[in-house]
Amino acid sequence: MTPAGIEPDWYGTGFPHIWLPYTQMKTAAPPLAVARTHGSRIVLADGRELVDGIASWWTACHGYNNPHIRAAVARQLEIMPHVMLGGLVHEAALTLAKRLAGLLPGDLTRVFFSDSGSVAVEVALKMATQYWLNQGVRSRTTFVAFKGGYHGDTIAVMAVSDPEESMHALFSGLLPKHHVIDLPQDDASIAAFDQFLSQKADTLAGMVVEPLVQGAGGMLFHNAEVLRRLRAAADRYGLLLICDEIFTGFGRTGAMFACETAGIVPDIMTLSKALTGGTMALAATVARAKIFDAFWSDDPAQALMHGPTYMANALACAAANASLDLFEREPRLAQVAAMAKALASGLAPCRDFKGVKDVRVLGAIGVVELAHMGDLDALKRRFVEAGVWLRPFNNIVYLTPALNIGPEDLAKLTGAVVEVLTAI
Ligand SMILES: Cc1ncc(COP(=O)(O)O)c(C=O)c1O
């Protein structure tokens, strides 16, 4: 049945012009046409309604179409949708920067806005490199990053992401050369890490890590001690520590920011995804005072040479301010704590399935790791048939729903994972 007001004809004609992400368009199943969203639900053009288990790549942390965010964006639209930030500023951006500075740990107090997570990490790499150049240090131009990491799809950030997933070999002529090594998690990797730093520190501008969870690399968890080790090593060798909280930020792991769990303050933090509650494209690269101070000079060449056209888009900043209101007014972190319990019990039956390697939960992230992924397309189809929207990848089935998803919808998600994995 077609819901009132939805004309599916636009889709019936096919899609000869759009180019879809991560998709071999010759062989892939056609994408599902979405008519609208609400709460934790996606309404398809053919009238089916799916419970969304991944909140649109982890962005829609308060669910879709949150009335408070919608009202804030509508208000901003009346006043001013956008104005360039070169030579001009506006209230929504200044307020958001101030609120983020107040919310983030330590003296992460200078906020540079951009429009996507990849660009936010690019800016962090540029900021860290220029931090050294502005002080006359020309040798520190490379970065340490970690296997399993993912920091986006643009060229510079592919080079600090996992070599396999980011196809370093395929793009080898194009990618800058950095060092992607094992996270120091056990005796052998800790020793290798220390040895690497003792040999290369003078050439390194910094290190880049996704704190607590490497998301797109396979939902791999590490503990807070690893982050404290990175912070200590960065201090020992004088490197800058960049924490990419694009996935983990805004409550996803149980704390507002994953770094807080480890009690560390990175030198630079990147944010995006849930920053606007999944409403608009916006990202931020936030620097500690000492980073900003290295750019504070009478020399114009020492300014940060970056400026995306749509940076600090006023509609996006209004959405982000409204999203922060919701974190203040509503018990999101308590909801995440409750969700962690529900995910753990809901997914527990999967532990007994043949072919399941691991079941793990952290905050609002639930993961079932399979020994091997069979027919991925068939699995995705079965989830849709079970009434849920999930995007398993590699050998991972994961849930990252809206932080305020209702108990029934959450039970439907975990139930669908158990049901579908039982059937295969
Ligand atoms: C940790 C992390 N960093 C960076 C990115 C890239 O963000 P975007 O897709 O907005 O460029 C992602 C996206 O999944 C991410 O999870």
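**Labels and the values behind them**

Among the elements that cover the buried residues of α11 are α3 (67-79), α4 (91-103) and α12. The model is a predicted one.

Q: What makes α11 mostly covered?
A: A residue counts as buried if 20 or more other C-beta atoms lie within 10 Å of its own, and twelve of the 16 residues of α11 are buried. Ala314, Leu315, Asn321 and Phe327 are among them.

Q: How do you know that the span of helix α11 agrees with its number of residues?
A: At 1.5 Å a residue, the 16 residues of this helix (314-329) should span 22 Å, and because its end C-alpha atoms are 22 Å apart, the two values agree.

Q: Why do β13 and β16 stand at the edges?
A: The open sheet has the order β13-β14-β16, with antiparallel pairing. β13 (356-362) and β16 (396-399) each have a single partner strand, so one side of each is left without a neighbour in the sheet.

Q: How are the residues of the shell around the ligand divided?
A: The shell holds five nonpolar, seven polar and two charged residues, with Gly counted among the polar ones. Gly117 and Gly152 are among the closest residues to the ligand.

Technical notes:
Residues numbered from 1 in each chain as written. Predicted model: local features only at pLDDT ≥ 70, side-chain atom pairs only at ≥ 80, totals over all residues. Pairing = 2+ DSSP bridges. Helix = DSSP H or I, 4+ residues; strand = E, 2+ residues; numbered from the N terminus. Near = placed C-beta within 6 Å. Expected span 1.5 Å × (residues − 1). Contact = placed C-beta atoms within 7 Å.
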